[in-house]
Amino acid sequence: MKFFARLCEAFTSLLGLATISPWQDSLSQQPLGGNLVPEGLPLAVRPKGPEFAPPNSSVGFVCSYPSMVASQMTINADGYLKTGGQAFNGQYPGPWIEACWGDELEVTVTNDLQYNGTTIHWHGVRQLHTMQMDGVNGVTQCPIAPTKSYTYRFDVTQYGSSWYHSHYSLQYPDGLAGPMTFHGPSAANYEEALPPFLISDWSHNSAFHDFHVELAGPGRPIMQSIILNGKGTYTCKEAEKVNCTTPPPIFQQTWKKGRKYLMRLINTSTESIFIFTIDNHMLQVIGSDFVPIKPYYTDSVLVGIGQRYHIVVEARPSDELLPIEDQNYWIRAVVASGCGSIDQNNETVGVIRYDPESIKTPTTTRYQFNTSCSDEPYESLVPIVPWNVGNHSNNMLVTNDNFAAGLTNYTGTPLPHGNFSRWDLTDFPLWLNFSNPTITNLKNTSWNPEYCIIAEDYKEDDWVYLIITANASVSKQISSRNFFPVSHPIHLHGHDFVILSQQTIPFDESHLTNGMFNYDNPPRRDVALLPGTGYVAIAFKTDNPGVWLLHCHIAWHASSGLALQILERQGEILPTIGSLQQTETVCENWDPWVNNTANWWNATEFQDDSGI
Ligand SMILES: [Cu+2]
């Protein structure tokens, strides 16, 4: 672990202004070698406190990234100049943030944008007793005003890979996102860890523009291409020529025969769910989100938006007797059926070679696999550190802990923000007030219903079950909401949750006891797909007092309002989260900026979405 701690220092010095993310420049810049952890090594999820630190760890070490600057930028991901792009430190994807299990991570974010506030959310990070570091404007802080900064500092209590992204409206689809790795134990051996693989859809329009199409039509926004680590292919149309340029070179990597590589897959999409595969190579899946799992083999892995997988790939293609210059293989990102619509749907996003001199185009074909839009098989995701789930302390059958993701038509209704149809989970679509975040209202006894506050006042060891359906459940009929067979990647902040049940049929109370719920070490992660015709039942222990967003990670749906706030043990939040000095300062800076309409992009309307 000391070794990684030194790496953290080394990577800080790599930061700076550049147009190509240095972490993906070449393998030679990746000093991370071995990290060989024998299979079967006991893994532990470390609660806060040095007594639980991993052996020989660097407790007390602060991994510091002093300068993350958000600014506007023209991004060339696929040969089309996206002028409405935004990026951290002039790179898309943003710098690779690395820390070590047991460290503290400190990142100072500066807003160099013209018309927008910003934040960074650290996707999947536990934020135990540090909700003010979760980076959700309108919930855990006011947005960072232009020219101002905010320093995020939190304990790294998990390990694995993830991403960070702005949680300010639709900024992450426009480029404010990057990879993040917390080095720690691994569920299987490997010999070389590769830099992260960020898979994404890509739009040439600003997402703020596309969202208006989503709300008002005509039609729905369509994404233009598929990109891997910010690189994709697109054939420019005649009418677009003015914005067309030479595309960046396609992603390529040369592998050494017989070597075992760790690949960290991250789906950072706006709306697309991808199936990742490498022709003629088997994948050993060893981690889902921040949770190491019992390894299993497959030819393809479905990665929902916000989800991550660690996989180990042995460089042994099934046709390895071919001449070395002919051993070239497509890396593919295949849109799952019904979970994305892309104009130029070129799934071949990268090439694995064995001969660095070869320039041949791969001629391989993809494995025959099911492209249905459903999570990896439930039975495959078995955590190595088991959690056994206790009985529910809440009664989700009669309380509000039973939600239905649907689309409500608010046109002509008296709601303040009621125009258009909006996705919602509770009685209202989420609508936050940037200037009045939940964190500054923790003594409230009543709430604006548009904040979608769901109180969970239980004890440290209590379990809360949430039932999230894609149709009206038997116990909560909602007449005004319309339901569609759409899969939603549901993400919860502040917790890894267990998936008690994930079904393609409507929820029924009998499922709790008829064997359809699993309480014995169920899959555990921070994003789960809600099947379009059924439901997902998740559970977490109320052991982290704070306010935690639960939302769909399809950017359009989150902006529309498909989200709520879990208010966990309200009375214990302020006494446990430490200083709120920055919370006050960031709001004091935000208010005068936002109250000056000269700072608005649109002089008549500042906010047209939920805020997240
Ligand atoms: Cu959704």
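Does C236 count as buried or exposed, and at what relative accessibility? In this predicted model, C236 has a relative accessibility of 17%, and because buried means under 20% relative accessible area, the residue counts as buried.

**View 1. The whole chain, shown for orientation.** The chain has 612 residues, of which 62% count as buried, and it contains five helices and 34 strands.

**View 2. Helix α5 and its buried side.** Helix α5 (residues 581–594) has 14 residues, which at 1.5 Å a residue should span 20 Å, and this agrees with its end C-alpha atoms, which are 20 Å apart. The buried residues of α5 are T583, V586, C587, W590, W593 and V594. They cover an arc of only 130° around the axis, and therefore they lie on the same side of α5. An α-helix has 3.6 residues a turn, so residues three or four places apart point the same way. The buried residues of α5 pack against β6 (149–155), whereas Q581, E588 and P592 are exposed on the other side of the helix.

View 3. C142 is joined to C587 by a disulfide with an S to S distance of 2.0 Å. This pair links distant parts of the chain, with C142 in the loop between β5 (121–122) and β6 and C587 in helix α5, 445 residues apart. The torsion about the S-S bond of C142 and C587 is about 95°, so this disulfide is right-handed. Both C142 and C587 are buried.

**View 4. The disulfide between C236 and C244.** The sulfur atoms of C236 and C244 are 1.9 Å apart and form a disulfide. Its torsion about the S-S bond is about -100°, so the disulfide is left-handed. C236 counts as buried at 17% relative accessibility, whereas C244, at 24%, counts as partly exposed.

**View 5. The disulfide between C339 and C373.** C339 and C373 form a disulfide in which the sulfur atoms are 2.0 Å apart. The pair links distant parts of the chain, with C339 in the loop between β20 (328–335) and β21 (348–353) and C373 in the loop between β21 and β22 (402–404), 34 residues apart. The torsion about the S-S bond of C339 and C373 is about -105°, so the disulfide is left-handed. C339 is buried, with a relative accessible area of 7%, and C373 counts as buried at 14% relative accessibility. The count of disulfides comes to three, and with bonded cysteines counted along the chain they follow the pattern 1-6, 2-3, 4-5.

How values were computed: Residues numbered from 1 in each chain as written. Predicted model: local features only at pLDDT ≥ 70, side-chain atom pairs only at ≥ 80, totals over all residues. Heavy atoms only, no water. Helix = DSSP H or I, 4+ residues; strand = E, 2+ residues; numbered from the N terminus. Buried < 20%, exposed > 50% of the residue type's maximum accessible area, 1.4 Å probe, protein only. Expected span 1.5 Å × (residues − 1). Arc of directions from axis to C-beta. Contact = heavy atoms within 4.5 Å. Disulfide = S-S within 2.5 Å.
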